[in-house]
Amino acid sequence: MTVVHPTRGYADVLVGLQYGDEGKAKIIDLIAPDYDIVARFNGGANAGHTIETPQGRVVLQQVPCAIFQPQTLLYIGSGCAVNLWKLVAELDQIAAHGVDLTGRLHISDRAAVVQAAHILIDERDSAGIGTTKNGMGPCYADRAYRMRGGARTNLQLRDVLADPAGALEAMRAAADAELAGYDGDTSAPRRDLQQRLDSFAACVERVRGHVQPRRTWLAERVGQGARVLFEGAQSTMLDVVHGDQPFVTASHTVPAYAYVGGDLPPRFHRYTIGVAKAVMSRVGNGPFPSELGAERSAAYFADAVSAGRGRAEEQAEFDMHRLRFSTDEMELGIAMRMLTHEYGSGSGRPRRIGILDLEQLREMVVAFGVDVVYLNKVDCLSLYGESMFGGIPVRVPATADQGATRVLPSFTADQLRADQPDVLPLELLEFRSFVEREIGVPVIGFGMGPKRDQITQFFRLGEFAR
Ligand code: IMP
């Protein structure tokens, strides 16, 4: 028997199901008006979410989106690692757009504080994994370490607020100890360090009013009827345990973690929403089973990152319209990257490109209880029609008589109606059915273009019954 709680709210969790950059922000913007609170539960400034506004663009890394919906509250849970310097820069940017977050943004006082030493260490060690250099790994490691050589390693926001001078001293000592082990010229990292230390106290005071000491804050609100959307950062394939170590982020990204790092009892869970991309991408190193060009592309990416080659260099060197017809998968991958704009939004570094991996997607859906999937970049699949594949390539489990790559009938770009995203060619309706059969859950919508209104919504979450 279903027990109905007329006044009780609920939470839905939205996560990426591939390697990050699936276009979660676009989906969150679409559905956020249906919620009272948007909350983060993992990660920190390693996430990125760009909002285009008439006044220019706002880049959010730590503040949950929905900043432009004045009635929506924003929460940063205890599972996040807060970079106070970047958070203050973000708050300044938001204020410059005339948005006042006083009383709207709440940050758990148990969130870990990213320290200057964490950033130094991550900058030094970034290359192996290809991290974003935001200090995530060292910060979460210090949280687990708790004490080293008699000194506390983890600073929670509550520690920093209670004793800002003590926190600054602890941070300085940790950074000095780190730099003492460096060979060669340390003038650049020392200069950055000094800047961070000099501005730290002001950052603490700027954020103080947003820090929420009540651990029951979210639970109380949901108990009284609030509807929460948890906004997952990164993706399930980058989870610190469930991804492929060591090529993962440092936090848990799987939906269940929303109820640890998001400070809410799991009894309030309603649906899990997954977001995937029809043309896949991965930044950073590590396994990518459906990568176009396989190991050669991975090596190309590693070289490009170390040589600082990005969008501009590729544009100068390659003719994407020619490479599109290449019979070399690596070249097709380069063309797809250029034609579908798969470069890091901040760094401009190239993203590795792969075909839609339905075997992996099904595994994510089953392992993490995903209820519905949004598939983005579906319009880009038309590019495959004239490629060496002659249709839409997808990766599926290999069978005794068929390989892992299946090619589905394609459509052409001119069959798509920009003004009518709900009118889809037959091939795309068949594609949707194929994907649903393979992954075992409904595809709720297709992203059909970069704009936020270019989403074909097949049904609304409220109409969904498991
Ligand atoms: P970290 O999270 O900075 O430690 O980076 C670890 C790995 O996760 C690297 O491969 C990063 O490129 C990847 N990563 C972290 N955040 C994102 C994201 O928001 N999108 C895509 N990849 C990410």
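## Basis of the description

A salt bridge is taken here as a side-chain nitrogen of Lys or Arg within 4 Å of a carboxyl oxygen of Asp or Glu. The structure is a predicted model, in which local features need pLDDT of at least 70 and side-chain atom pairs count only at pLDDT 80 or more, while totals for chains, interfaces and linings use all residues. Residues are numbered from 1 along each chain as its sequence is written, and side-chain values use heavy atoms, with hydrogens and water left out.

An automatic or database domain assignment supplies the bounds, dividing the protein into domain 1 (10-109 + 211-277), domain 2 (112-208), domain 3 (291-354) and domain 4 (355-463). The C-alpha centres of domain 1 and domain 2 are 23 Å apart, and their contact (heavy atoms within 4.5 Å) takes 28 residues from domain 1 and 29 residues from domain 2. Between them the two domains bury about 2,300 Å², 64% of it on carbon and sulfur atoms, where buried area is the accessible area (1.4 Å probe) that two parts lose on being put together, summed over both. On the side of domain 1, Leu 84, Trp 85 and Val 211 lose the most area to domain 2, together accounting for 33% of what that side buries.

Two salt bridges are counted between domain 1 and domain 2. Elements are DSSP runs numbered from the N terminus, helices being H or I of at least four residues and strands E of at least two; strand S6 (81-82), helix H2 (84-96) and strand S7 (105-108) each give two or more residues to the side of domain 1 that touches domain 2, and H2 gives the most, with seven residues.

## Salt bridges in the whole structure

A search of the whole structure finds 25 salt bridges. In one of them the side chains of Asp 34 and Arg 460 meet at 3.2 Å, N to O. Asp 34 lies in the loop between helix H1 (24-31) and strand S2 (37-40) and Arg 460 in the segment after strand S20 (455-457), so the pair ties together parts that are 426 residues apart in sequence.

Asp 142 forms a salt bridge with Arg 148, with the closest N and O atoms 2.9 Å apart. Accessibility is classed as buried under 20% relative accessible area, exposed over 50% and partly exposed in between (1.4 Å probe, protein chains only); Asp 142 is buried at 10%, whereas Arg 148 is partly exposed at 40%.
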